[in-house]
Amino acid sequence: MTQQKQAILDRLKQGVIDYDEEAVKEAAQEALEEGVDAYEAIMDGLSAGMGVVGDLYEKKEYFVPELLMSADAMYVGLDVLRPHIKEGSRGERKGQVVIGTVQGDVHDVGKNLIKIMFEVAGFTVHDLGRDVPLEKFVEEQMKTDADIVAISAMMTTTMMGMQKAVEMIRQRNPNVAIMLGGAPVTQEVASLFGADGYAESAGNAVQEALKMLKNLREMRKP
Amino acid sequence: MADKEARWQIVFQPSGRRGRVKAGTTILEASRGLGAEIETVCGEKRICGKCKVRIETGFFERYGITSGPSHTSPFTEEESKHISAQEKEQGYRLGCVARIEGPLVVFVPEESRTGKQVIRKAATQRAIDLHPAVRLCYLELEAPTLSDPVADLDRVRRKLSLEYGLEPVTIDYAALRELSDALRRGGWKVTLALWQDSEIIAVWPGRVEHGYGLAVDIGTTTVAAYLCNLGNGELVATDSMMNPQVAMGEDVMSRITYAMSHREGGLGRMQGALIDGLNKLIRNVARSSKLTPRDILEVTFVGNTAMHHILLGIDPEYLGVAPFTPAVHGSLDVKARDLGLQVHPGASAHILPIEAGFVGADNVGVLIAEEPYNQDEIILIVDIGTNGELVLGNRHRLLSTSCATGPALEGAHIKSGMRAAPGAIERVRIDPQTYEVGCRLIGDEHRRGRRAVRPRGLCGSGIIDAVAELYRAGVIDRTGRFRKGLSSARLVAVDGRPEFILAHAEETAIGRDITVSQEDVRNVQLAKAALYAGARLLMRRLGVDRVDRVVLAGAFGSYIDTEEAQVLGLFPDCPPGRIYAVGNAAGDGARIALLNRHKRREAEEVARRVEYVELTLEPDFQRYFVEAMYIPHMVDKFPHLGALLGMEGAA
């Protein structure tokens with residue numbers, strides 16, 4: 001790798017960490033001018049930057065505003081780079097996620113953060129929004145054949161509906177990985193409700209999801 | 001459960017203190033470590049029986065744990081000296097004996113608690129026009145004769161019509177049963193109690209001078225009762241208690257969940273616990289005024305929507321999920337006896353109307369007390385509890401909303417947080433040069449220069465101060481992040497994360513540092529952002545870009561430092577001196593409704609008129625919320641505050 005290319009990737013990464021949209025835009029344009037592969041610029045620049053942001057968020061050094069502003073900066077870079085991704089270099093998608101806030105619950109800031117982190121990590125995300133009827137999770141999973149269903153609840157009352165959702169999804173497709181998250185949810189609740197994973201925060205959701213997928217794929221091996 | 005290395009999750013109620021403790025620890029030891037503070041007189045010699053606690057049974061969604069008696073060491077002979085068979089059945093144990101052998105939810109009954117909570121729900125001095133719904137009428141009647149053998153009730157009616165112009169009047173069944181005897185014992189001189197000039201609810205022989213009424217504010221945490229003389233409006237006695245339902249969940253959502261997950265009798269248990277508590281409260285206020293519960297002729301209630309439903313035994317489930325519809329909007333009058341209240345058998349209970357799913361009768365109480373609908377100025381009323389309720393507007397239009405502030409501002413879910421009780425830090429000052437800390441404690445009179453109490457934790461007003469002061473001292477930046485590279489003995493890293501020590505272990509009553517952690521700051525940011533964003537979105541809806549006055553209602557509002565609250569960005573900029581606390585306005589509203597029936601009509605009207613705004617449906621809600629997480633705000637300016645403090649970034 002040339003030093004120049006590395007410098008551009010570093011600037012993309014740092015621009016995302018510093019939530020500096022201008023810097024990211026400039027670095028992204030420069031990447032194209034200098035012939036850096038767009039896919040590489042996205043993965044080793046923007047996405048790597050969001051990885052650092054996720055860690056900072058996990059450590060509570062970054063908070064919701066910083067995470068969102070970093071994501072905005074990343075999307076600015078994506079807009080520049082995406083049209084230039086070469087056919088075939090897209091790489092393997094990590095998987096598909098159906099995500100939504102459970103029926104009766106209209107809080108979706110947390111869900112939106114998790115969605116960003118999944119997108120950053122290379123997942124295809126199907127966002128059902130908020131106040132999502134339980135059967136809609138089942139339908140969407142069947143339609144898209146998603147690997148993961150991620151359900152969020154912000155209130156203890158609506159959290160109760162998650163158990164039913166898990167049951168319904170399992171019944172139709174025992175092989176899908178189900179992940180729960182949201183303020184009232186704990187690891188204990190997720191286990192009790194029969195979910196495969198629990199996202200404590202936007203910072204560790206993707207790690208959890210990858211672990212969950214790995215376990216499930218191993219289990220499915222003949 | 002032989003695993004001696006295991007650490008189990010334990011939750012103390014009602015304090016909500018929780019944490020993991022080693023298997024084999026006694027409940028008392030655990031409570032000390034977690035700051036839940038159980039009383040003990042004998043020094044754990046198992047003789048005083050003071051440390052009685054109740055082991056709760058079942059699955060607790062709120063904490064994700066299953067608790068039960070099998071998660072403790074077996075009941076011992078020694079305990080049976082202090083614990084009756086019935087109590088044993090209910091799960092009572094001695095904290096110094098029972099050892100933890102699994103996850104537990106432990107309820108600490110009031111008598112076993114040290115550091116009794118300071119109930120900050122005193123009544124405010126207010127002038128109230130006197131038009132009570134219940135009034136006394138003294139009548140002197142002619143005795144019946146063979147030529148005038150008209151029935152007793154008709155005789156009374158005839159006289160009421162003649163002397164008071166009141167007709168037609170019905171009579172409560174319980175009063176009817178006492179009527180004939182009272183007339184004769186009084187020699188045809190009686191005093192009647194009339195409700196809304198339409199129903200005779202009580203009758204006494206002879207002349208009775210005073211009738212009494214009770215105004216009750218049912219808070220999620222605290223229930224306050226105000227005994228008033230209906231004849232002159234005088235506040236005779238005030239008493240309060242912790243809401244007994246706290247054992248079934250510490251916030252509104254967990255109460256609703258309790259009703260949902262205990263289909264068999266869960267709602268009844270919560271209602272029963274409240275009614276039992278109210279009856280005790282009623283006996284207390286009556287006794288302290290040398291009255292009897294029967295002297296109470298009417299009871300008025302305010303409370304949030306969930307408390308309202310549970311009081312009435314109405315399933316609160318649908319309040320807890322979108323679209324958050326209540327069972328009933330308007331005010332209600334039911335017989336107090338139908339609720340199980342032990343007051344005069346003819347007494348009515350008047351429950352004030354509610355506005356919307358999350359804005360209840362307590363807020364209506366605030367409205368009739370503060371009357372924003374009679375003003376020209378734009379007023380923002382902020383009532384902070386687990387939910388922050390906001391009202392904005394003036395005589396032309398009123399908007400209301402509810403913001404999910406969470407429990408952080410009440411001291412819960414804060415590392416060193418506690419309720420407002422003796423030893424709670426309620427004021428904090430941090431020297432920006434030296435980082436030296438000055439604290440004021442609840443219950444600390446500073447008698448003769450000696451500290452009467454030592455700090456135990458931080459209550460809500462202390463948390464607001466602490467975070468605002470950390471910001472002013474430059475320990476945290478406007479994003480809320482602890483600055484790097486500062487050096488002070490007060491700044492420490494715990495598990496690699498920064499914390500600021502407000503009180504060192506040796507100065508405290510708990511033997512541990514009292515700190516503010518990065519996570520605490522984040523929780524406060526979430527809470528204050530919810531409130532601020534709510535206020536801003538209401539302002540946008542109303543089409544105003546400033547407010548003339550900020551009124552802080554609720555017990556909590558009375559104790560926060562308004563300047564620090566502004567530094568933190570709890571509510572939008574407002575001229576100094578135009579932000580003020582009005583005390584427990586909800587409770588005052590209940591008292592006003594008790595003493596002035598015209599205000600009940602006003603309450604009905606305003607409850608219908610106020611437009612409820614669902615914040616999460618407002619366009620740009622997320623942006624408003626996120627921008628408000630900064631201290632004081634990411635983009636909004638605070639010219640008044642900036643001028644006041646000479647602060648950078650504020651103006």
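The contact between the two chains draws 28 residues from chain B and 26 residues from chain A, where contact means that C-beta atoms, placed from the backbone, lie within 7 Å. This is a predicted model, in which local features need pLDDT of at least 70 and side-chain atom pairs count only at pLDDT 80 or more, while totals for chains, interfaces and linings use all residues. Residues are numbered from 1 along each chain as its sequence is written, with chains lettered from A and ligands numbered from 1 in the order in which they are written.

On the chain B side, helix 6 (252–261), helix 11 (518–542) and helix 16 (621–627) each put in at least two residues; helices here are DSSP runs (H or I, at least four residues), numbered from the N terminus.

Within chain B, helix 9 (residues 361–370) and helix 15 (residues 597–609) have axes that come within 10 Å and cross at roughly 115°. Axes are lines fitted to C-alpha atoms over the stretch in contact, and angles run from 0 to 180 degrees between N-to-C directions. Helix 9 of chain B contributes B:Val364, B:Leu367 and B:Ile368, and helix 15 of chain B contributes B:Lys599, B:Glu602, B:Ala603, B:Val606 and B:Ala607. That makes six nonpolar, no polar and two charged residues.

As for confidence, the model scores ipTM 0.89 and pTM 0.85. Chain B averages a pLDDT (the predictor's confidence in each residue, from 0 to 100) of 90, and 94% of the residues score at least 70.

Notes. Nonpolar A, V, L, I, M, F, W, Y, C, P; charged D, E, K, R; others polar.
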